[in-house]
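Here is a friendly note to read alongside the model. Have the picture open and follow the points one by one.

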Amino acid sequence: MVRLWLIVVVAAVAFTVWMAVDCATMPRQRVRSLNRGVWVLLVIVLPVLGGVLWLLLGRAPAGPAPTPRYRGPEDDPDFLGGPPATGPSRTDKDQDDATLRDLEQQFHDRDDDER
């Protein structure tokens, strides 16, 4: 009989520790009803009952796992291919700089024409 009680006590302690760690490490989005700190305190103060309450009332179910989406060939740039880019590619900043240089050159040319 003593062995049975010893096994029950060890199982209760293990369950309480497991539930306390589970509650303490659960993301905030998955904690329902009460604050996480209140749940941890409840699990520790009411060893088995607190753990059962945490499982039933405090823990929100996990959302669906993201499933990999099928990518068709039209969505894959490697599949579509196309001509390889030749020469250095121009960025927006390079294009803006070229436009600014052209405008400055036009202003200088206009100033020279007026003299």
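**Notes on the model**

1. Threonine 16 is found in helix H1.

2. A word on what you are looking at. This is a predicted model, in which local features need pLDDT of at least 70 and side-chain atom pairs count only at pLDDT 80 or more, while totals for chains, interfaces and linings use all residues. Residues are numbered from 1 along each chain as its sequence is written, and side-chain values use heavy atoms, with hydrogens and water left out.

3. Which residues does threonine 16 touch, leaving aside its neighbours within four places in sequence? They are Val43, Pro47 and Val48, where contact means heavy atoms within 4.5 Å.

4. Now look at valine 45, which has its place in helix H2. With a relative accessible area of 56%, valine 45 is exposed. From C-alpha to C-alpha, valine 45 and threonine 16 are 9.7 Å apart in space, and they are 29 residues apart in sequence.

5. Next, the two helices themselves. The axes of H1 (residues 2–25) and H2 (residues 36–45) come within 9 Å and cross at roughly 175°. That makes H1 roughly antiparallel to H2, a label for angles over 145 degrees. The axes are lines fitted to C-alpha atoms over the stretch in contact, and angles run from 0 to 180 degrees between N-to-C directions.

6. Who meets whom between these helices? Thr16, Met19, Ala20, Cys23 and Ala24 in H1 meet Arg36, Trp39, Val40, Val43 and Ile44 in H2. The residues of this contact divide into eight nonpolar, one polar and one charged. Ala, Val, Leu, Ile, Met, Phe, Trp, Tyr, Cys and Pro count as nonpolar, Asp, Glu, Lys and Arg as charged, and the others, Gly among them, as polar.

7. Finally, step back to the whole protein. There are five helices and zero strands; these are DSSP runs, with helices (H or I) of at least four residues and strands (E) of at least two, numbered from the N terminus. Of the 115 residues, 16% count as buried. Among contacts between residues at least 6 apart in sequence, 52% join residues at least 24 apart.

How values were computed:
Angles under 35 degrees count as roughly parallel, over 145 as roughly antiparallel, 65 to 115 as roughly perpendicular and the rest as oblique. Buried means under 20% relative accessible area, exposed over 50%, partly exposed in between (1.4 Å probe, protein chains only).
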